[in-house]
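Visitor: I have a model to look over. Can you walk me through it?

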Amino acid sequence: MFPVKKFPAVEREEKRVRYESFSTFGKSGAGCLVASRSENCDCSDGKLRPGIGWKDAGLSADLTKLTFPPELFVFLPAAKNGEEKLLTVNEQGKIYRFDETGGTFVYLYQSFTLPCKAFELYGADGTPKVAFCTHSGVWLYDGADEFTLAGPAVSSVGCIFHERLFVAAGEKVYYSAPMDPENWEDSADEGGFIGFPSDDGEFVGAEVLNESVCLFRERGIFVLSAGGAGRDFSARMPGYGGGRIFGESVRAFGNRIVFLAEDGLYAFDGWTAEKICQEVTVFPDRKGQVKSGIASGKYLLVYSDTSGEKKLLVLDGATDSAYFSSLPVDALSATSRGLLCTGEGQVKEIALDGVLPAGTEAVFAAENSDFGIKGRKLWKTVIVRGEGSCRLETQAGEEKRAYSLSFESGEARAVPLHRGENFSLRLFPDAGSSVTAVELVFLVYR
């Protein structure tokens with residue numbers, strides 16, 4: 001009779017790990033899943049959803065018919081019983097008007113040295129106009145395919161406040177008469193200029209905040225109280241000790257002005273400029289081109305980093321959290337129809353409910369992790385909660401599994417049955433969907 005071999009019983013213990021929030025840049029905490037890799041994912045409020053995309057701007061403008069790519073979009077406001085007219089400035093500074101009838105761009109025989117800034121406004125007689133602030137002067141366009149030189153030679157710095165157009169050049173800030181962008185005559189109450197002698201460099205940006213005009217120099221900030229008559233204007237200079245400011249990044253954003261400097265991203269509240277979003281590494285190339293804009297409560301910043309790579313940073317205004325998007329954005333322009341850009345040969349509008357180009361996706365990955373449970377184990381179940389749908393990938397070593405999940409009653413499940421110590425989890429939220437929580441179930445062997 002042979003002896004009966006007895007093997008010790010294998011003890012197995014079920015352990016669950018629940019994540020009720022998501023983070024892309026290290027804002028961790030209890031119950032927060034931090035991505036080891038993330039693309040096009042917005043986790044600003046702790047939920048996981050696709051980031052910005054684009055949608056049709058409602059224009060049949062074929063940009064491939066332009067000899068050179070556009071750099072700027074602006075609309076001539078509609079006259080009575082009329083429609084807005086789309087203007088674009090190409091990378092050579094030439095200005096075109098889009099002809100809806102022929103579906104073509106018409107050259108207006110006018111060009112400016114870039115950069116230039118454009119404003120949609122109205123003249124003293126109520127005529128809709130576009131003002132182009134350029135190094136050769138302030139030029140007005142009223143739709144008659146002619147341009148009028150109306151104001152002083154300035155930089156591409158300006159803003160509209162209390163129906164005046166403010167522009168800057170050298171050490172002076174010029175302002176037009178109220179509701180009259182053709183009147184720049186120096187007077188006590190109408191147009192005029194103010195000198196701002198300083199060694200802080202040239203003016204690079206201007207925005208309106210808290211009933212004041214905030215003027216940004218390369219290394220300093222001025223706040224101009226400019227309500228009422230010109231004789232009553234006054235100015236102050238808040239302290240600023242940060243790096244050199246990129247003018248094209250200066251944008252009024254909620255109750256602050258956000259801007260990029262050589263040493264990072266700042267927010268100015270009218271009195272103090274403080275660094276924000278410091279968990280995101282931002283090292284801009286001083287010689288690189290910078291663009292920015294506001295869309296759906298998000299601040300978009302396009303810049304080249306010190307390695308020469310083009311970056312698109314998306315900052316959430318409510319939480320100051322940010323992520324990088326791979327949306328191929330060019331000619332970023334704030335207009336009366338939203339934040340416009342070029343895409344797929346057409347004019348596109350940046351939107352939270354937009355789509356990503358073909359071949360681009362939103363992915364949130366937590367890779368090569370034990371998810372806080374040491375030792376060898378069986379990955380039994382993944383429970384995903386949210387709205388809409390998403391794709392899910394799980395991986396152990398070279399073994400990978402993929403699932404298409406639709407949330408029914410706010411929940412979906414997958415059973416990967418991977419064995420190992422470390423695993424990878426990848427979530428691909430679909431457009432219009434969100435993931436609110438993930439629960440992982442393991443069997444741990446003792």
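Visitor: Which side chain does the side chain of Asp316 make a polar contact with?

Guide: The side chain of Lys298, at 2.6 Å. A polar contact is a pair of N or O atoms within 3.5 Å; within protein, one must be able to donate a hydrogen and the other to accept it, and residues adjacent in sequence count only if both atoms are side-chain atoms. This is a predicted model: local features need pLDDT of at least 70, side-chain atom pairs count only at pLDDT 80 or more, and totals for chains, interfaces and linings use all residues. Residues are numbered from 1 along each chain as its sequence is written, and side-chain values use heavy atoms, with hydrogens and water left out.

Visitor: Is Asp316 buried or exposed?

Guide: Asp316 is buried, at 9% relative accessible area. Buried means under 20%, exposed over 50%, partly exposed in between (1.4 Å probe, protein chains only).

Visitor: Where is Asp316 found, and what is it in contact with?

Guide: Asp316 is in strand 30, residues 310–316. Strands (E, at least two residues) and helices (H or I, at least four) are DSSP runs, numbered from the N terminus. Leaving aside neighbours within four places in sequence, Asp316 is in contact (heavy atoms within 4.5 Å) with Ser44, Phe253, Gly297, Lys298 and Ser321.

Visitor: New topic. How many helices and strands are there?

Guide: Zero helices and 42 strands. The C-alpha trace spans about 115 × 55 × 40 Å along its principal axes. Of the 446 residues, 53% are buried.

Visitor: Which residues touch the most other members of the largest nonpolar core?

Guide: Phe22, Phe371, Val438 and Leu440, in a core of 32 residues. A nonpolar core is a set of buried Ala, Val, Leu, Ile, Met, Phe, Trp, Tyr and Cys residues joined through side-chain atoms within 4.5 Å.

Visitor: Which strand gives the most to this core?

Guide: Strand 42, with five residues. A second, separate core has 18 residues, including Ala267, Cys277, Val280 and Ala322.

Visitor: Back to Val438. What does it touch?

Guide: Not counting residues up to four places away in sequence, Val438 touches Val17, Arg18, Tyr19, Phe22, Val382, Ile383, Val384, Leu425 and Leu427.

Visitor: What is the mean pLDDT?

Guide: The mean is 91, and 97% of residues reach 70 or more. pLDDT is the predictor's confidence in each residue, from 0 to 100. Confidence is lowest in strand 19 (residues 192–195), at a mean of 90, and highest in strand 41, at 98.
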